[in-house]
Amino acid sequence: MTTHRADPVPRSADHPVSPDGPRRPALLVFDVNETLSDMSSMGQQFEDVGAPAHLAKAWFAGVLRDGFALTAVGASEPFAQIAAESLRGHLHGLPLNRGTEEAVEHVMAGFTELPVHADVPAGVRTLTDLGIRLVTLSNGSASVAEALFDRAGIRTHFDALLSVEQAGVWKPDRGAYAYALERCDVDPMDAMLVAVHPWDIDGAARAGLATAWINREGGVYPGYFRSPDLHARSLTELAEQLT
């Protein structure tokens, strides 16, 4: 059932970013899907069931679109529910090698097997050594992040694994970032969001956080979004910039 939220009061509204510009944050708030997890293997999950691999990217983009659309009208659904329902639509009419529900289960199971990007373990450990608190804020489930980090051996480096499911609103709504700040008892000017998605960077910046864009693929940042405070090609490079 779709849930409706009451608009939270963003703590960031009263605490603008430091006028002196970005500084070393006390708290790093990490996006999870694609920022920390390497989702390139999801194409194989589609091929396994007889669907083309390129559907993986279109499907994931559609899940985000629909989550954002619900957020825009003041509603919210869990990531997994939107993902599974959207997947049924993408697979409809394709010559699958198994039933639709079995195919959906197989593709969705791919989330439980993803690795982290190669730079993540060393980057996370170096950031921890700098004395910076690390948490996550995902549009997906916190349990998915926990399993991901357990496989990578980095779970102990994160103080908390937060999800918008508890916030009641998806990123990039400022209420999602306000929820993370309240949970961590940190002012926005002392927090920095780390993400590969420009829409996430923009949302966090509008909520008063500093931002770091991880650009592993050498992409171009859209000019219609607020610019990130830091650009890095990896978490290890981000750690160097924060040293």
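A pocket here is an open set of points on a 1 Å grid over the protein atoms alone, where a 1.4 Å probe fits and protein lies on both sides within 12 Å along at least five of seven lines, and lining residues have an atom within 4 Å of a point. The elements giving two or more residues to this lining are α3 (79-91) and α6 (142-152), where helices are DSSP runs of H or I with at least four residues and strands are runs of E with at least two, numbered from the N terminus. I noted a volume of about 180 Å³, taken as the space filled by probe spheres set on grid points joined across faces, edges and corners.

The model is predicted, so I kept in mind that local features need pLDDT of at least 70 and side-chain atom pairs pLDDT 80 or more, while totals for chains, interfaces and linings use all residues. Residues are numbered from 1 along each chain as its sequence is written, and side-chain values use heavy atoms, with hydrogens and water left out.

I then turned to the largest pocket, which holds about 760 Å³ of space. Its lining has 26 residues, and Glu-34, Lys-57, Val-196, His-197 and Glu-217 lie nearest the centre. α1 (42-48), α2 (55-72), α9 (198-206) and β7 (210-214) each give two or more residues to that lining, and α2 gives the most, with six.

Next I followed strand β2 (residues 27-30), whose two faces are both covered: Leu-27 and Val-29 on one side, and Leu-28 and Phe-30 on the other, are all buried, that is, under 20% relative accessible area with a 1.4 Å probe and protein chains only. β2 runs parallel to β4 (residues 133-138), joined by four bridges, and Leu-27 stands opposite Arg-133 in β4. β2 also pairs in the parallel sense with β6 (residues 191-195) over four bridges, pairing being taken as at least two DSSP bridges, and Leu-28 stands opposite Met-192 in β6.

Lastly I checked the largest nonpolar core, which has 78 residues, with Leu-28 and Phe-30 among those having the most contacts inside it; such a core is a set of buried Ala, Val, Leu, Ile, Met, Phe, Trp, Tyr and Cys residues joined through side-chain atoms within 4.5 Å. Not counting residues up to four places away in sequence, Phe-30 touches residues including Leu-134, Phe-158, Val-194 and Leu-235, contact meaning heavy atoms within 4.5 Å.

Note on methods. Buried means under 20% relative accessible area, exposed over 50%, partly exposed in between (1.4 Å probe, protein chains only).
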